[in-house]
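Please read the following report alongside the sequence and the structure.

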Amino acid sequence: NCQSSYAGSSCQYSDATTCSGHGTAQSDGSCNCQTGYSGSNCAALINYSCRSMQMYGVATGSGKYTTTYGEVYCDMSTMGGGWTLMGTIAGNGANYWNKAPGASNDYWTSSATLSSLSSLSNRFNDYKSGSWVNMPLLPGKTEVLFVRNWNSAVAETHHLDKSCAIPSSKTRFTQLFQNANEMDNLQTNGCLRAKITRVSTSTCSGVAYCGSSHSSSLGGSSTNGFCWMGGDDVSNTFKGRLVWNQSGYTSSCTDAGHLGGLGVYENGSGQYSNADITGTNWLNGQDYSKISVSLFVREHATSCSDLNSLGRNVGSGTYKIDPNSNGSFQDASCF
């Protein structure tokens with residue numbers, strides 16, 4: 001008989017070596033993997049994100065799932081699915097999101113999480129997942145969904161393309177909100193602004209900046225792209241997060257002519273009102289207590305190197321990758 005954690009006719013298989021320390025070795029050399037790991041030698045960490053769980057077939061429908069970084073909501077239907085909810089900024093909350101960068105209670109940049117997904121409806125309220133802080137990103141290979149919600153339902157969805165959505169120096173979501181000047185320089189001198197594409201639209205005629213009927217709405221014909229941090233440093237010192245700008249201004253994320261944004265934190269501005277979502281800078285004319293914005297990400301691990309950057313491979317073995325960034329997952333031998 002073999003000692004504990006060993007198996008095989010001559011006890012040649014071990015949990016530590018044969019199964020990478022993440023499974024139980026069997027007498028035929030196969031492994032029974034622990035929850036969260038997969039592959040012939042249990043080397044593949046599969047619950048890293050909604051995308052990784054989708055790749056291994058352990059998450060299919062939209063809903064709550066548990067990942068390495070805690071409980072998240074996964075959107076498994078929009079544009080092929082695999083989207084991890086990072087967080088939601090709500091207009092009916094305690095104004096967590098209009099703090100200046102670096103402030104001790106700034107949820108954009110702090111390590112603190114916010115609320116929980118005790119019910120699926122909670123995802124429309126103020127929420128910040130552990131993934132916001134800890135989940136690695138792949139610059140140039142990470143897409144973002146910007147989702148506007150109305151009265152606890154999705155109203156309008158926008159897609160930020162992976163080429164410009166995440167600057168190359170940023171490997172965590174929280175890093176996108178730490179320094180306005182740095183982000184302005186990165187987005188001006190690198191990818192100027194992430195391209196905005198409407199995925200779905202709502203009807204809200206007569207309301208400023210809302211819906212496909214308004215040219216100044218997010219992704220409208222009068223806009224030129226999206227900035228993580230920005231505003232108008234020229235006329236009214238507006239500064240906030242999640243900003244889109246007017247098409248006539250192309251040199252900077254802080255040109256005059258901003259069209260919308262969240263979390264205004266410059267209290268010398270006429271647009272500052274100590275609220276996360278306000279009429280002076282966001283969807284003027286609506287009931288702001290019914291508005292929230294959710295941010296989802298989806299990464300494309302196209303190689304073994306990408307898996308290593310994500311911390312998803314824990315040893316040599318066979319892993320799933322997305323070589324063409326289109327959801328056609330394939331096995332790859334990584335060493």
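## The surroundings of V243

Leaving out residues up to four places away in sequence, V243 touches G225, F226, C227, G230, G231, F238, H258, G260 and G261, where a contact means heavy atoms within 4.5 Å. V243 lies in strand β15, which covers residues 238-246; helices (H or I, at least four residues) and strands (E, at least two) are DSSP runs, numbered from the N terminus. One of the residues touched is C227, and although V243 and C227 are 16 residues apart in sequence, their C-alpha atoms are 5.1 Å apart in space. V243 counts as buried because its relative accessibility is 0%, buried being under 20% relative accessible area, exposed over 50% and partly exposed in between, with a 1.4 Å probe and protein chains only.

This is a predicted model, in which local features need pLDDT of at least 70 and side-chain atom pairs count only at pLDDT 80 or more, while totals for chains, interfaces and linings use all residues. Residues are numbered from 1 along each chain as its sequence is written, and side-chain values use heavy atoms, with hydrogens and water left out.

## T142 in strand β11

T142 belongs to strand β11, made up of residues 142-150, and with a relative accessible area of 0% it is buried. A polar atom of the T142 side chain lies 2.8 Å from the backbone oxygen of L138. When neighbours within four places in sequence are set aside, T142 is in contact with L137, D161, K162, A165, I166, V297, R298 and E299.

## Aromatic rings

A pair of aromatic rings is described by the distance of the centres and the angle of the planes. Rings of Phe, Tyr and Trp (its six-membered ring) pair if their centres lie within 6.5 Å, and planes under 30 degrees apart count as stacked, over 60 as edge-to-face and the rest as tilted. By this rule the count comes to 13 aromatic pairs. One of them joins W97 and W108 edge-to-face, with 5.0 Å from centre to centre and 75 degrees between the planes; both residues are in the loop between β9 (83-90) and β10 (127-128), 11 residues apart. W97 is buried, its relative accessibility being 0%, and W108 is likewise buried at 0%. Another edge-to-face pair is formed by F173 and F177, at 5.7 Å centre to centre and 70 degrees between the planes, and both of these residues are buried.

Ring pairs link Y96, W97, Y107, W108, W132, F173, F177 and W228 into a cluster. Elsewhere, R123 lies over the face of Y73, at 4.0 Å from the ring centre; a charge sits over a ring if NZ of Lys or CZ of Arg is within 6 Å of the ring centre and within 35 degrees of the ring normal.

## Salt bridges

Side chains of opposite charge can pair when their charged atoms come close. The whole structure holds seven salt bridges, each being a side-chain nitrogen of Lys or Arg within 4 Å of a carboxyl oxygen of Asp or Glu. In one of them R51 meets D322 with 3.0 Å from N to O, and this pair links distant parts of the chain, R51 being in helix α1 (residues 50-55) and D322 in the loop between β18 (317-321) and β19 (330-334), 271 residues apart. R51 counts as buried at 3% relative accessibility, and D322 is buried with a relative accessible area of 1%.

K141 forms a salt bridge with D306, their closest N and O atoms being 2.8 Å apart; K141 is in the loop between α2 (130-134) and β11, D306 is in helix α5 (residues 304-310), and 165 residues separate them. K141 counts as partly exposed, at 27% relative accessibility, whereas D306 is buried at 8%. R298 and E143 also form a salt bridge, with the closest N and O atoms 3.0 Å apart, which links strand β17 (residues 291-299) to strand β11 across 155 residues. R298 is buried at 6% relative accessibility, and E143 is buried at 5%.

## The chain as a whole

The chain has five helices and 19 strands, and of its 335 residues, 52% count as buried. Among contacts between residues at least 6 apart in sequence, 55% join residues at least 24 apart. The accessible surface of the chain comes to about 13200 Å², of which 43% belongs to carbon and sulfur atoms, the areas coming from the Shrake-Rupley method with a 1.4 Å probe, and for residues only the protein chains shown count as cover.

Technical notes. A polar contact is a pair of N or O atoms within 3.5 Å; within protein, one must be able to donate a hydrogen and the other to accept it, and residues adjacent in sequence count only if both atoms are side-chain atoms.
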